[in-house]
Amino acid sequence: MTLMQTCLYSRHIAAGGKMVDFSGWQMPIHYGSQINEHTAVRERAGVFDVSHMTVIDVIGQDARAYLQHLLANDVDRLATLGQALYSAMLNHEGGVVDDLIVYRAPEGYRLVVNCGTREKDLAWLQQAAEGFAVEMMEQAELAMLAVQGPQALSALNQVLPTDVAQRFKQLKPFECLFEDDLVIARTGYTGEKGAEVMLQKDAACGLWDRLLEEGVMPIGLGARDTLRLEAGLNLYGSDMNESVKPSSCNLSWTVVHNGRNFIGEQALINRVRTETEHKMIGVILKERGVLRSGYPILCDGNQVGVVTSGAFSPTLQSGIGFARVSVEETSLTQLSAEIRGKLVPVTAVSLPFVKQGKAVYQLLAD
Amino acid sequence: MAEVRDDVRYLASHEWVKLEADETAVVGISDHAQAALGDVVYVELPEVGSRVAAGDEMAVVESVKAASDIYAPVTGEITAVNMVLEDAPETVNEAPFDTGWFVKIRPDDAASLESLLLPSAYQALCESEV
């Protein structure tokens, strides 16, 4: 099977990228040291090639009604053009099909969904559109760069054309601007200030080069994962999948029950009555080591949960992770993780761990 | 291309070992190994004075990617461990053949090193693994 390459492939090689197979794409896991790249984003600015993600425009008369039915969050929260919203879309059992960002665009809405779930999502979107006058148009000709860090906004201001930079300066978090094919949104996956830029493929290398000239560092997927983990942001496939409902993976805040009867809504209501509840917490290892996905979480010798995502946190200099634990059986002050046969105590904490470079987590009590 | 030092012997599990003038064997992991592991964040070293048998798990390297066991290349006694790795585990990535050494062993039989992989054989092994 031939791997796909983004339009920035030559730039990754030039920057010393160690390329790996990421859901069928050749992507850089790092350019030398994922820890250095992580620190660069927390302290200065980094640029990520996220062109492998899936961009789908939803247009048509019923676009709004369709998305109100499809998504667990309410697109009416996008009061005006140029706003973005994080949402999950659920299956009929209330499990998560994918998480995504939806933007209110000049001609309808734009969805950015995960790379690994592209085919599943496209099929799901088509199926759910039955009865709605709506069309799905995948924008496969676009590249996407994320620029994140305390110096990200000023670097972008330096490299964008003057008139676009003026508009960009006005954007608040979760707002976006549309300038023909260029879309710039104050969104990100790192917990730092910054933006995500969608643009024509043939303009992407130029923007990348100009950002590097401004001192922005190229950042690989390894650091992308440790940054989002510190920022308390979920990763589809690790923290949730189709058998996990929003309340079990810290996504309740993205679900709005307001009579829209969105897909999965009734199932969520029914399930609360009948099953053991779980919640997702942050955990920090009390000793040296690294938490990894799949490690059991125990309380008083009994397994009460599992690590869903884990890594070494360069900012906290500790192993950290997300853990999905049973609400009933868990005493939050008595938890350990089983690491290669050994029980290691962990501290249960709120999420996020880190915001704008600083530790912000709180210890959880019972 | 990963560096393959030519004054040491190798294990197929990517450790290198070098006999010093005082007949102590210094052990570390190769450049190929550190690159495959990614950033090293913790190293668990054995106790000085403990004995190991050739092929025993002797140390653990925890990187951002995974935890890996490090195997003893010879039977003998651990005479020293590299405490630098406690506070600066990234030394393994930066200088795997030099300041990133793991342990020193006084081998029961120094001649047993002769049966370990020559640099050329190790190089061929790495090339076949790619």
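Colleague: What does the secondary structure of chain A come to?

Modeller: In this predicted model, the secondary structure of chain A comes to nine helices and 21 strands.

Colleague: Why is chain A called as compact as a globular protein of its length?

Modeller: The radius of gyration of chain A is 21 Å, and the globule rule gives 21 Å for 366 residues, so the two values are close and chain A is as compact as a globular protein of that length. Along its principal axes the C-alpha trace spans about 60 × 50 × 45 Å.

Colleague: What makes a set of residues in this model a nonpolar core, and which have the most contacts inside the largest one?

Modeller: The members must be buried residues of nonpolar kinds such as Ala, Val and Leu, joined through C-beta atoms within 7 Å; the largest such core has 129 residues, and those with the most contacts inside it include Leu67(A), Val147(A), Val283(A) and Ala337(A). Strand β9 (residues 142–148) of chain A gives the largest share of this core, six residues. Leaving aside neighbours within four places in sequence, Ala337(A) is in contact with several residues, among them Val283(A), Leu285(A), Val344(A) and Val346(A).

Colleague: How do you know that strands β14 and β19 of chain A pair?

Modeller: Pairing requires at least two bridges between two strands, and β14 (residues 278–285) and β19 (residues 342–349) of chain A have four, in the antiparallel sense, so they count as paired. In β19(A), Thr347(A) is the bridge partner of Ile284(A).

Colleague: What makes the strands of chain A a barrel?

Modeller: Six strands close in the order β14-β17-β16-β15-β18-β19 with antiparallel pairing, and the twist averages 45 degrees from one strand to the next.

Definitions and conventions
Residues numbered from 1 in each chain as written. Chains lettered and ligands numbered in written order. Predicted model: local features only at pLDDT ≥ 70, side-chain atom pairs only at ≥ 80, totals over all residues. Helix = DSSP H or I, 4+ residues; strand = E, 2+ residues; numbered from the N terminus. Rg over C-alpha atoms; globule rule 2.2 N^0.38 Å. Buried ≥ 20, exposed ≤ 12 C-beta atoms within 10 Å, placed from the backbone. Contact = placed C-beta atoms within 7 Å. Axes fitted to C-alpha atoms, helices over the stretch in contact; angles between N-to-C directions.
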